[in-house]
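Q: I've just opened this one and would like to go through it with you. Could we start with the overall make-up and then go into the details?

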Amino acid sequence: MTARILDGKAIAATLRARLAAQVATLPFRPGLRVVRVGDDPASGVYVRNKDRAALAAGFSSATIQLPVETTEAELLATIRGLNDDPDVDGILVQLPLPPQIRAAAVLDAVDPAKDVDGFHAINAGRLATGQPGLVPCTPKGVMHLLAETGIALSGARAVVLGRSTIVGRPMAALLLAADATVTIAHSRTRDLAAECRRADVLVAAVGRAELVRADWVAEGAVVIDVGINRTATGGLVGDVAFNEVSARASAITPVPGGVGPMTIACLLENTLQAALARRG
Ligand code: NAD
């Protein structure tokens with residue numbers, strides 16, 4: 001079997017266009033604010049891409065850049081200001097934060113109604129208990145990609161590789177909410193390959209270059225690769241050995257150009273959702 005390649009770039013562009021059309025009908029511009037502390041170069045690219053995508057879709061967007069020596073109290077005061085600002089619908093605190101700042105304290109200070117990353121414990125709890133809320137952007141993007149494949153998730157065996165609060169856990173919760181039979185595998189899982197081979201849907205979110213090989217994948221499985229790993233030569237590869245797995249899977253996402261673009265489109269989708277919920 002040769003896998004259909006899921007073009008995340010094109011699917012994200014369609015989603016962004018749909019959101020832009022919806023925003024154009026509103027009497028206000030949904031507002032996104034990204035807070036960045038320090039100048040970690042990798043996050044700089046993400047932040048610029050988020051800003052550009054938001055502005056292009058008709059949102060108001062700005063990055064609040066704070067110096068690397070910012071204290072936790074100063075950052076919390078900035079977040080309180082954004083919580084209180086009626087023009088701001090979505091707040092995103094770019095990770096990682098410098099070591100003097102506790103990320104958990106900061107994420108929990110964001111108003112859950114403006115928490116477009118879906119990282120606040122209230123939103124994580126809502127997702128875990130099947131209540132509506134703001135869902136983390138990357139797993140939400142994966143659900144959009146799975147919808148494109150037409151695969152019936154109800155009753156399907158889904159394996160999520162990785163148990164982070166940003167990707168793995170919310171991913172598993174979303175698949176469970178779609179009635180899949182979900183296994184979460186991680187660094188302590190015995191015989192990872194055997195767990196993966198049982199999957200109709202395999203989502204890899206580990207951060208290990210090309211960990212998933214062809215013999216880990218069932219013939220005809222749908223394989224979603226969340227991983228972003230830099231190679232020695234400066235290229236990007238996923239957690240899945242793309243060429244060999246493509247020969248077995250029925251559908252697969254490339255890296256780059258798969259899940260990555262969906263994450264930003266879903267950030268806009270969350271900001272619009274937050275704006276509509278807040279402003280009625
Ligand atoms: P993380 O480091 O927080 O979590 C990784 C998880 O993988 C952990 O739960 C760990 O138990 C598991 N793991 C580690 N090594 C393993 C191994 N050898 N075998 C099995 N499991 C193992 O990472 P994260 O934030 O969840 O991100 C995972 C990957 O996804 C990274 O490459 C990251 O860059 C990428 N990512 C991409 C996007 C995107 O938009 N495409 C967004 C977020 C993260």
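A: Gladly; this is a predicted model, and the secondary structure of the protein chain comes to 10 helices and 11 strands. The radius of gyration is 19 Å, close to the 19 Å that the globule rule gives for 280 residues, so the chain is as compact as a globular protein of that length.

Q: And what box do the C-alpha atoms fill?

A: Taken along the principal axes, the C-alpha atoms of the protein chain fill a box of roughly 50 × 40 × 35 Å.

Q: Which domains is the chain divided into?

A: There are two entries in the division, domain 1 (27-113) and domain 2 (136-260), and their centres, taken over C-alpha atoms, are separated by 29 Å.

Q: Now the helices: how do helix 1 and helix 10 pack?

A: Helix 1 (residues 8-24) and helix 10 (residues 259-279) pack with their axes 8 Å apart and at an angle of about 20 degrees, and they are therefore roughly parallel to each other. Helix 1 passes helix 10 in a left-handed crossing.

Q: Which residues meet there?

A: On the helix 1 side they include Ile11, Ala12, Leu15, Arg16 and Leu19, and on the helix 10 side they include Met262, Ala265, Glu269 and Leu272. By class, the residues of this contact of helix 1 with helix 10 divide into 12 nonpolar, 2 polar and 4 charged.

Q: What about helix 2 against helix 10, at what angle do they pack?

A: Helix 2 (residues 41-56) and helix 10 pack at about 55 degrees, with their axes 10 Å apart, and that makes helix 2 oblique to helix 10. Here the crossing of helix 2 past helix 10 is right-handed, and the contact is made by Asn49, Lys50, Ala53 and Ala54 of helix 2 and Ile264, Leu267 and Leu268 of helix 10.

How values were computed
Residues numbered from 1 in each chain as written. Predicted model: local features only at pLDDT ≥ 70, side-chain atom pairs only at ≥ 80, totals over all residues. Heavy atoms only, no water. Axes fitted to C-alpha atoms, helices over the stretch in contact; angles between N-to-C directions. Helix = DSSP H or I, 4+ residues; strand = E, 2+ residues; numbered from the N terminus. Parallel < 35°, antiparallel > 145°, perpendicular 65-115°, else oblique. Left-handed = near helix turned anticlockwise from the far one by under 90°. Contact = heavy atoms within 4.5 Å. Nonpolar A, V, L, I, M, F, W, Y, C, P; charged D, E, K, R; others polar. Domains from an automatic or database assignment. Rg over C-alpha atoms; globule rule 2.2 N^0.38 Å.
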